[in-house]
Amino acid sequence: MTFYVYILNCFKNGKFSCYYVGQTNNLKARIGEHFDSVVEHNTDKFVGRFDFVKLKWYTKVTTRADALKMEKHLKSLTHEEKDRYMKNN
């Protein structure tokens, strides 16, 4: 099975605000869920607090364990480190 680790750009008031890092086995469906949270302004969900989200980067991995490990690592990085990671990968 294929798993995806991804990073979203989150925007508030037309300006970039932060990155969101996640993992899933169905990227298209998961991104759709994020878009729905934004459209519905579902503030119970992290991305629902923003006006717009955009898929910035993703990669494929072969196991859920690898996806979780990569997600945890990416979440630990600073904004600048995430930028470098995406540029180099």
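1. Aromatic pairs. This predicted model holds 8 aromatic pairs. One of them joins Tyr20 and Phe46. Their rings are stacked, with 5.9 Å from centre to centre and 25° between the planes. The two partners come from distant parts of the chain. Tyr20 sits in strand 2, while Phe46 belongs to the loop between helix 1 and strand 3.

2. Tyr20 counts as buried because its relative accessibility is 17%, and the cut-off for buried is under 20%. Phe46, at 33%, counts as partly exposed. Ring pairs also tie Tyr20 and Phe46 into a cluster with Tyr6 and Phe50.

3. Confidence. How high is the mean pLDDT of the protein? The mean is 96, and 100% of the residues reach 70 or more. Helix 1 (residues 27-39) has the lowest confidence, with a mean of 96. Helix 2 has the highest, at 98. Where pLDDT is low, predicted coordinates should not be read in detail.

4. 3 strands make an open sheet, and their order is 2-1-3. The pairing is antiparallel. Strand 2 (15-24) and strand 3 (52-61) are the edge strands, each pairing on one side only. On average, neighbouring strands are turned by 20° against each other, direction ignored. Strands in a sheet pair through backbone hydrogen bonds.

5. Strand 1 and its partners. Strand 1 covers residues 3-12. It pairs with strand 3 over 9 bridges, in the antiparallel sense. Here Phe3 has Val61 as its bridge partner in strand 3. Strand 1 is also joined to strand 2 by 9 bridges, and these two run antiparallel. Tyr6 stands opposite Gly22 of strand 2. Strand 1 is mostly covered, with 9 of its 10 residues buried.

6. Helices on the sheet. Which strands does helix 2 touch? Helix 2 (residues 64-76) packs on the sheet and touches strand 1, strand 2 and strand 3. Its direction makes about 155° with that of strand 2. Helix 3 (residues 79-88) lies across strand 1, strand 2 and strand 3. Helix 3 runs at about 60° to strand 2.

7. The largest nonpolar core. This core has 12 residues in all. Among them are Tyr4, Tyr6, Leu8 and Cys10, along with Cys18, Tyr20, Leu27 and Ile31. Strand 1, strand 2 and helix 1 are the elements that give two or more residues to it. Strand 1 gives the most, with 4 residues. In soluble globular proteins, nonpolar side chains tend to be buried together.

8. A closer look at Cys18. Cys18 is a member of the largest nonpolar core. Which residues does Cys18 contact, leaving aside its neighbours within four places in sequence? They are Leu8, Asn9, Cys10, Phe46 and Phe50.

9. A separate core holds 11 residues. Val5, Tyr19, Trp57 and Ala67 are included in it. In a regular strand, the side chains alternate between the two faces of the sheet.

10. Phe52. This residue is in strand 3. Is Phe52 buried or partly exposed? Phe52 counts as partly exposed because its relative accessible area is 45%. Leaving aside neighbours within four places in sequence, Phe52 is in contact with Asn9, Cys10, Phe11 and Val38. Ile7 is 45 residues from Phe52 along the chain, and 14 Å separates their C-alpha atoms.

11. Positive phi at Asn13. Most residues other than glycine have a negative phi. Asn13 is not a glycine, yet its phi is positive, at about 55°. Where is Asn13 found? Asn13 lies in the loop between strand 1 and strand 2. That hairpin has 2 residues between the strands. Asn13 counts as exposed because its relative accessibility is 64%.

12. Positive phi at His41. His41 is another residue other than glycine with a positive phi, near 50°. His41 lies in the loop between helix 1 and strand 3.

Methods:
Residues numbered from 1 in each chain as written. Predicted model: local features only at pLDDT ≥ 70, side-chain atom pairs only at ≥ 80, totals over all residues. Heavy atoms only, no water. Pairing = 2+ DSSP bridges. Axes fitted to C-alpha atoms, helices over the stretch in contact; angles between N-to-C directions. Contact = heavy atoms within 4.5 Å. pLDDT = per-residue confidence, 0-100. Phe/Tyr/Trp six-rings, centres within 6.5 Å; stacked < 30°, edge-to-face > 60°. Buried < 20%, exposed > 50% of the residue type's maximum accessible area, 1.4 Å probe, protein only. Core = buried A, V, L, I, M, F, W, Y, C linked by side-chain atoms within 4.5 Å.
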